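Notebook open, viewer open. I want to go from the overall build down to single helices, then on to the chain contact.

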Amino acid sequence: MKELVVLSGKGGTGKTSLTAAFASIAKDSVLCDADVDAADLHLLMNPKVEKRTDFMGGNIAIIDADKCSVCGQCEERCRFDAVHLDDEGEKYTIDEIDCEGCGVCVDFCPEGAIDFPEKKCGEWFISSTRFGAMVHARLGIAEENSGKLVTLVRQEARKLAEANGRELIITDGPPGVGCPVIASVGGATALLIVTEPTVSGIHDMQRVVELAAYFKVPCMVCINKYDLNADQAEAIEVFAQENGVPVVGRVPFDKQFTESMVIGETIMEFCKNNGLGTTVKQIWETIGKHL
Amino acid sequence: MIISVASGKGGTGKTTVATNLAASMGQGVQLLDCDVEEPNAHLFLKPEIEKTETVYLGVPKIDEGKCSYCRKCADICRFKAIAVAGQTVLTFPELCHSCGGCWEVCPEDAITETGRELGVVEEGFSNAVAFVHGRLRVGEAMSPPLINKVRENVKPGIVNIIDAPPGTSCPVIAAMKGTDFVLMVTEPTPFGLHDLRLAVGAVKLLGIPYGLVINRSDMGNDDVRTYALTENLPILMEIPFDRGIAEAYSRGELMVDVMPEWRDAFQGLFKRIEEQVASCRLQGTG
């Protein structure tokens, strides 16, 4: 079984649009939306949720005011600036957003006045779509994106693929190079980096290539909106060549990316047999050779 | 004043708006690029860097000579960064959140604080615009501690503009919290709207006044505008799709330099932000 993870470094290069397009060509794959913080793939896939599970992401510290002796130990020990006196200045209270869930205040409180319940941070889903099964999630607003939820959706996609005899998982990845991206890279067969010929696109792509090398996962590059800037497109090709990264495709700037999204269709459904559809299909075939 | 520029969806134009806003003001302003995973503002402002600092996060170092293998450190750690088995103790510094619990609880004084490299903070100037950014070490998972370090450089008495990362989770919260105004940047598409709703949810949790810029405003549909009206989210500027703007952006050029009419537009945007902040203070909602 293979997993292709679609990344970019820079946001807005076309990861989700292309992932959806590939899903509509592949037909035999399991889809995974690992961009759990601002998940958009479902807007094109229109999933029918078959199983929903709470995601418990850690714990949160809550002071029981009745038991609090206002000794200040919690405030002194908290390294996340989450503990403050309440508005009346009478008892200590913990800011839910700033609390890191480390439990130090809980363990050191001489009164045992701090509760430490598990926190629901989001939910994850197993769904069916017109292109096959999909595992996706919703991280709660302002929650810690510890990568745990990303790891979970990928594990569940793997289980589903095994159970259904599917050979390929296509994973829509998050932007950046931090915790959620690191969680989406481990164990992947290959990464597809979708970039654009802009100084930002190149800068950010280079960091993802560095990350891929750090974690020893092979990667390939697709240049979206490639005709926006010939010099920058050339710079991407040179960089890719120098770093042994195959360029699997070049997609011209095309308003159909947006037009198809607006009506909730994948590029392939919208373009059917026109130029853009053919280009994307060829790219998918090239990717297949590298997988 | 501290203005943070956020979006929800990536690629909507946060860095474009933040850098052009700073450049249009020209002086009495600092740009803090808190998108430490993929900092881009320097590509447009091209600052002269005057100071570079490597930033570390405190993680445990265990002196096995003093360790009694009592397991108190492993037991207190909620992040599985310490493991004790028999007469062996292992630390996993990359998992450590630096809560200090282990060295606080160790009865043998066997744990000292050492550093895990987070990345660098660089400071400088682009003409009269002050500049600071963080660059996360590739391989480092956590951005909020480095973002907090960048934010320590907020300069009082001037306008500080924070370029936030995409999304709505902890790195964005670290970039936005405690700021005076959140300028949200979106594109009028289903992805843009979906993620904007999440971002607005996050900003409301923080209780900060906010306003909207619609980028590529003629590419998509009207749902974002309808949403903005029903949410009382003031639309402070619209930037239509313009191949010229996109091409300038691709070259690392500021649109206020390449198309001077946009300089006035961004100065107008700043005035409207000031008005929003002032009116929210009057209403006691800011």
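**Entry 1: the overall build**

I note first that this is a predicted model. I began with chain A and counted eleven helices and 13 strands. Its C-alpha atoms fill a box of roughly 70 × 40 × 35 Å along the principal axes. Of its 291 residues, 56% count as buried. I also looked up how far apart in sequence the contacting residues are. Taking contacts with a separation of 6 or more, 77% are between residues 24 or more positions apart.

Which domains does the assignment give for chain A? I find domain 1 at 2-57 + 122-290 and domain 2 at 61-116. I checked the spacing too: 41 Å separate the centres of domain 1 and domain 2 of chain A, taken over C-alpha atoms.

**Entry 2: the nine-stranded sheet**

Next I traced an open sheet in chain A. It has nine strands in the order E3-E8-E9-E2-E10-E1-E11-E12-E13, and the pairing is mixed. Which strands stand at its edges? They are E3 (48-59) and E13 (247-251) of chain A; each has a single partner strand, so one side of each is left without a neighbour in the sheet. Neighbouring strands here are turned by 20 degrees against each other on average, ignoring direction.

E3(A) pairs with E8(A), residues 118-129, in the antiparallel sense over ten bridges. As a spot check, I found A:Lys48 opposite A:Ser128 in E8(A).

**Entry 3: helices across the sheet**

H7(A) lies across E1 (2-7), E11 (190-195) and E12 (219-224) of chain A, and runs at about 170 degrees to E11(A). H8(A), residues 230-242, lies across E11, E12 and E13 of chain A, at about 170 degrees to E12(A).

A:Lys216, which follows H7(A), has a positive phi near 55 degrees.

**Entry 4: helix H1**

How many of its residues are buried? I get twelve of the twelve, so H1(A) is largely enclosed by the rest of the structure. Among these buried residues are A:Lys15, A:Thr16 and A:Ser17, along with A:Leu18 and A:Phe22. Just after H1(A), A:Lys27 takes a positive phi of about 60 degrees.

**Entry 5: where chain B touches chain A**

Last, the contact between the chains. I find 50 residues of chain B in contact with 50 residues of chain A. On the chain B side, H4 (101-105), H6 (170-176), H7 (190-206) and H9 (243-250) each supply at least two residues. Which element gives the largest share of that side? H7(B) does, with eight residues. By type, I sort the chain B side into 20 nonpolar, 22 polar and eight charged residues.

Technical notes: Residues numbered from 1 in each chain as written. Chains lettered and ligands numbered in written order. Predicted model: local features only at pLDDT ≥ 70, side-chain atom pairs only at ≥ 80, totals over all residues. Helix = DSSP H or I, 4+ residues; strand = E, 2+ residues; numbered from the N terminus. Domains from an automatic or database assignment. Contact = placed C-beta atoms within 7 Å. Nonpolar A, V, L, I, M, F, W, Y, C, P; charged D, E, K, R; others polar. Buried ≥ 20, exposed ≤ 12 C-beta atoms within 10 Å, placed from the backbone. Pairing = 2+ DSSP bridges. Axes fitted to C-alpha atoms, helices over the stretch in contact; angles between N-to-C directions.
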